[in-house]
Amino acid sequence: MKKTAGFTAVCAGVLVSFPLLILIELIGRYDRFSYGRHAPLIRKVVPWRTATYLAPLLPLFALLPPYVSHHAASWPGGEVLRGLVSALLVVTALGLAEVYSVCLHREAYIAAFEPWSLPADYAPLGAQPQRFADRRLQHLARVQLLYCVPLISTACVVGPRTGLLSSAVILLFLVKYLAPAWVDFEAYFHWDMHCQVLGLRGRQWLSSVWRLLSDWVMGPMIGSLPRFYATEHLMIHHPENAGPDDIHSPLPYDRSRVLEFCIFGLKTCFILLTSGNLAFHRRCRGSRRALLVLGVAAFWASAAYLIATDRFLGYWLVGAALYRAVNTAKAQYVWHGLSDLRNPRHPKASTILWLPQEHLVAALDREPTGTKGAAHFTEVPALGTDWAFYDNYHLIHHLYPRAHFTAYPELLRRTVPGLLDWGCVVMRLNVYETFVFDCWTGNFERIAQGLVTPMGDDLRLSFIRERMAPLPGHRSYSASLCEGRFGQAANSALVRGLRLVVQIQ
């Protein structure tokens, strides 16, 4: 009976997680299309100030097809004319979606890398931020609300009964919103949990309003159930540091096998969509547990009502939650996939530090400190070096969870020599994008080339393989069933499927 349940979990994991992995890759590819040659033209034709309030309204175009199609049916030409009108609507929707996406990317880019474009007295949330640097993240929160409201309004009107074309158009805009909004939400919401970056001078009530909107409105639109992220992240993840008692720990699984990731992804879907493991965790008590249960119940009640009343938003909320769940599981590999099994609860042993080559030349390449030409740290890193808010310094974040992101460069400068001596996993940022797929496809040579942790070249491959192994005594039973010949064949088939979709050099 136990073995049957285990094999059922394996099959369910493949049926749920693997298609979502493919979907995540395709959505990311479609989002990257908005960085194509047409993007500069759109930015030139549509000025930033004009687009600030007009671009978020473009999803309202999804309300147009039913009316146009209805009138086209009565025009001379019949079905042929109706087909031409539908084709014209599709082409127009694709073009407007690109304008929408490029404008949304521009807002995020300004907050991330060109904050000097914002007025000096800019108050994104209605009052001056407590720290001047926080206005960048507050701008992201403001932009998310501006883009979110028209999407919600339109998706609450459009549904399958409205027509396939209307549903396809609103889905187009929702997908264009999801990929960049997911990253931006992670940035400002995560930093607010740790450093209260949404804080406003003398307007605590207004800060509370923005936090409620973020948690209960913008969060669900990118798959984050109300109260779940804040509760899990602060109460479980940071105290456990992705160790064996973390509900999102990847340690029970062999991180070199995509088949086992599918089981991990299914488990993460169950946790994020029900909060079961979190609501009854020993650290989640009292008002935190009550608010968590209320948030999850409200999410599912809203989704069920919207689906029952034929509103596209209901289907989107469920799909976005699944998208976020598998993305969350994948992120655990990126940040905590090379744990030291001898001490898996310590952040230095469980967390990867991702660094660009441009910075810390002295520390990483063992040149004298203060070498001429070494990269200079600024509050706003240059595009292509560190991430905008230094989120790639994940190990520093686990060591100093209350430190503001502007303090990270100095913290890193002081601690990185000791981290390297301690044996922490330090990786070059240029292999970040391919890291997870390299784990699954067995391209350990590229991972080894990105490894900065001091060791002999002949030890790197064995070091990586050891760090990907499951933690003894905490092995997932379902994953252990995948170790035989059948499991190897299934894993190889999944890897071949990934290679067909994922574009990796």
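The expected span of a helix is 1.5 Å times one less than its number of residues. The structure shown is a predicted model, and the points below are grouped by topic.

**Helices**
- Helix α13, residues 312-336, has 25 residues that should span 36 Å at 1.5 Å a residue, and this agrees with its end C-alpha atoms, which are 36 Å apart.
- Because 21 of the 25 residues of α13 are buried, this helix is largely enclosed by the rest of the structure.
- Helix α1, covering residues 2-32, is built from 31 residues and reaches 44 Å from its first C-alpha to its last, close to the 45 Å expected at 1.5 Å a residue.
- At V14, α1 bends by about 25 degrees.

**Nonpolar core**
- The largest nonpolar core holds 147 residues, of which Y177, W354 and W440 touch the most other members.
- Helix α7, residues 164-195, supplies the largest share of this core, with 18 residues.
- When its neighbours within four places in sequence are left aside, W354 is in contact with V334, W335, N392, Y393, M427, R428, L429, V431, Y432 and F435.

**Second largest pocket**
- The second largest pocket contains about 320 Å³ of space, and among the 13 residues lining this pocket, F189, D192, R211, R227 and A230 are the closest to its centre.
- Two or more lining residues come from each of α7, α8 (204-221) and α9 (228-240), and α8 gives the most to the lining, with five residues.

Terms used. Residues numbered from 1 in each chain as written. Predicted model: local features only at pLDDT ≥ 70, side-chain atom pairs only at ≥ 80, totals over all residues. Heavy atoms only, no water. Helix = DSSP H or I, 4+ residues; strand = E, 2+ residues; numbered from the N terminus. Bend = angle between axes of the 7 residues up to and from the residue. Core = buried A, V, L, I, M, F, W, Y, C linked by side-chain atoms within 4.5 Å. Buried < 20%, exposed > 50% of the residue type's maximum accessible area, 1.4 Å probe, protein only. Contact = heavy atoms within 4.5 Å. 1 Å grid on protein atoms, 1.4 Å probe; cavity = no way out; pocket = protein on both sides within 12 Å on 5 of 7 lines; lining within 4 Å. Points joined across faces, edges and corners; volume = space filled by probe spheres on them.
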